[in-house]
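This briefing concerns a predicted model. Please examine the sequence and the structure below before reading the notes that follow.

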Amino acid sequence: MSKRNIYTPDGVRDILNDECYAKRNLEQKIRELFRKGGYRELETSSIEFYDVFSNDIGLVSQESMFKFFDQQGRILVLKPDATIPAARVAATKYTLQDFPLRLSYIGNTFRYNESGGGKQREFTVAGVEIMGVAAPDADAEVIAMAAETIRCGGLENFQIDIGQINFFKGLMEESGLPEADIENLRILIDRKDFIGIEELVRAHRLDSDISKLILSLPKPIGNIDTLDRIQSMTRNAKSLEALENLHQVLDILDDYGLSKYISIDLGMVYDMTFYTGIIFKGYTYDLGFPILRGGRYDSLVGKFGRDMPATGFSLGVNMLMTAMEKQGLLTEKITIDTAVTYTPEGRKTAFQLCSELRKQGLVVEMDINNCSTGDFKKYAVSRGIGGFLNILDENRIEVHNVKTGEVVLTTIDSLLENGGVGRKS
Amino acid sequence: MRYMNIALAKGRLADKSIGFFEYIGFNVDELKNDSRKLIITDEENKIRFFLVKPGDVPTYVEYGAADIGIAGKDTLMEEDRSLYEVLNLGFGECIMAVAGPENLFGRLDEIPNKRVATKYPNIARKYFEIEKRESIEVIKLNGSVELAPLVGLSEVIVDLVETGRTLRENGLVVLEKIADISARLIVNRVSMKLESERINYIIDGFRKKLNEEETRYAGNTKI
């Protein structure tokens, strides 16, 4: 057996240095956004019972979960999704006064073969859920939060496609197609397989208005006019209600000033068991996968014992980072403002000075190698640190400018008054 | 403008695909030369062609490294990638089939435990599990699959059948058809949204060429 102690398993990786720095900063920006919207952050456990994710609606496919056993032989999984635990929590851990409830999370999830993480098996997701509100205003707020979350990364080139799953469900009820064919049709629409859809529709000799509507599903809808035309051809109440609901959400998003990012797609039928209304996905350039997805899921929370409407979205943070990198927006780097070395007489002062400078917001590195001034200068150059301080005793300090080689003798008091050393101008 | 990336399968399918791109006005001169280059650029139209192994086309398109591609339905079925399959281009026609010795014709279901040799393990497994509701032993081979039943490695094979000549010459027959196969135009799911204008130009152009061919063909048969 070859030793595996220096490798990481497939689909997981180490996030280091500037990448980790930028990722934490991005997460912090997203966290601030969620907090300012009044969302309560939650951290659900990384390990859950298998049953949470695989009850009768088959939420997460068995093959995609990391599974193991507890000491009683029950099946456990690594959290494959963040929305389902949030629904479990909403149904079991909050009192009725807590609703409507705004929840948010930023954390890692684990899946095999998940395109949501850009094919990574461990990936960070950030998202929000609104529990207990059925109004279109909640759907619009969630979509607006999704757009703002993408903007946290500085991205302006993105698109959010919105659909309404009940439009398709209503059409299917009206068509009277057998269940197996509905599922086939759903798959064909999801793949935009125009020929397959046409063959299936022809084979069943459907009414011409329904046929036209079904055939229009995989085509993009540019504007509200097209939506109105579709509305005029629709007969069944469920589909009409779906279009009305979509209209309301689009109107609200227009007032948010987000219309330029929004496009309509009634062919979004990728998950019919989970979603029950508005459904959306976010895309950006240079990334082969959607960056976020979300929608209304009014039947999920009830699975955990308390019926309530709910809506939310989830964004892949790693994918947002990849998009930022490809669009030249990932520029944040770890910086050291200044470094401090000392003589034995200056050590105590050095510690005090260091903590004072850090309080002022500077990033300060201490010499921990008892370097000579010359060696410390070399070290500063290698790390890209512009200047360093040599503390000679209780009061006297040498200020070294690494770039110019200039050395100035000064005192602690005057240094602190000038607001530190090496601060970027 | 951003380059639009197109993945083409090296070999037979690429040669046929070139005609379609030529028809819609892309510069394919360099593609026609038998070059060793893997990336061929049409600067005027901002197009880059990648030449990859046939089985890899869906992978390039799914990940978005290529916006669109042309791949055989056989590789699409085997790879089962998440992408849009927008157009049947008609060429490269053949069938995916279960084949075996003649004495098994009509009696395939009588073998309780089948060993199936194939280059397409996923297609074979899915067909037997879903369509025929049975478990099989899949033996993955890389070529000359017809040999397997002859030397007792497997009872039957799952493979592409074009003219059936190889089967016949080795005493094998098609036992069951799994699917019709031909070349398909595939599109990355995100590109379809964000590059819809250019991609629809390609789809519409291809469709027009297909219609013209169909009319011409229909005209010929009348004579």
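How many residues of chain B are in contact with chain A? The contact takes 14 residues of chain B and 15 residues of chain A, where two residues are in contact if their C-beta atoms, placed from the backbone, lie within 7 Å. Residues are numbered from 1 along each chain as its sequence is written, while chains are lettered from A and ligands numbered from 1 in the order in which they are written. The model is predicted, with local features requiring pLDDT of at least 70 and side-chain atom pairs counting only at pLDDT 80 or more, whereas totals for chains, interfaces and linings use all residues.

**The side of chain B that touches chain A**

- Helix H3 (57-63), strand S5 (84-88) and helix H8 (189-194) of chain B are the elements that give two or more residues to this side; helices (H or I, at least four residues) and strands (E, at least two) are DSSP runs, numbered from the N terminus.
- The residues on this side of chain B comprise six nonpolar, five polar and three charged.
- In this classification, Ala, Val, Leu, Ile, Met, Phe, Trp, Tyr, Cys and Pro count as nonpolar, Asp, Glu, Lys and Arg as charged, and the others, Gly among them, as polar.

**Domains of chain B**

- Chain B is assigned domain 1 (4-92 + 182-222) and domain 2 (94-180), with bounds that come from an automatic or database domain assignment.
- The centres of domain 1 and domain 2 of chain B, taken over C-alpha atoms, are separated by 30 Å.
- Six residues from domain 1 of chain B and seven residues from domain 2 of chain B take part in the contact.
- On the side of domain 1 of chain B that touches domain 2, one residue is nonpolar, one is polar and four are charged.

**A hairpin in chain B**

- S2(B) and S3(B) pair in the antiparallel sense over four bridges; two strands pair if DSSP finds at least two bridges between them.
- B:Ile39 stands opposite B:Phe50 in S3(B).
- The two strands form a hairpin with four residues between them, and B:Lys46 in the turn has a positive phi of about 55°.
- B:Lys46 is exposed, with 12 other C-beta atoms within 10 Å; a residue is buried if 20 or more other C-beta atoms lie within 10 Å of its own, exposed if 12 or fewer, and partly exposed in between, with C-beta atoms placed from the backbone.

**Backbone features of chain A**

- The peptide bond from A:Phe99 to A:Pro100 is cis, with omega near -5°.
- A:Pro100 is placed in the loop between helix H3 (83-92) and strand S5 (101-110) of chain A.
- A:Asn17, a residue other than glycine, has a positive phi near 50° and lies in helix H1 (residues 17-36) of chain A.
- A:Asn17 counts as exposed because it has 10 C-beta neighbours inside 10 Å.
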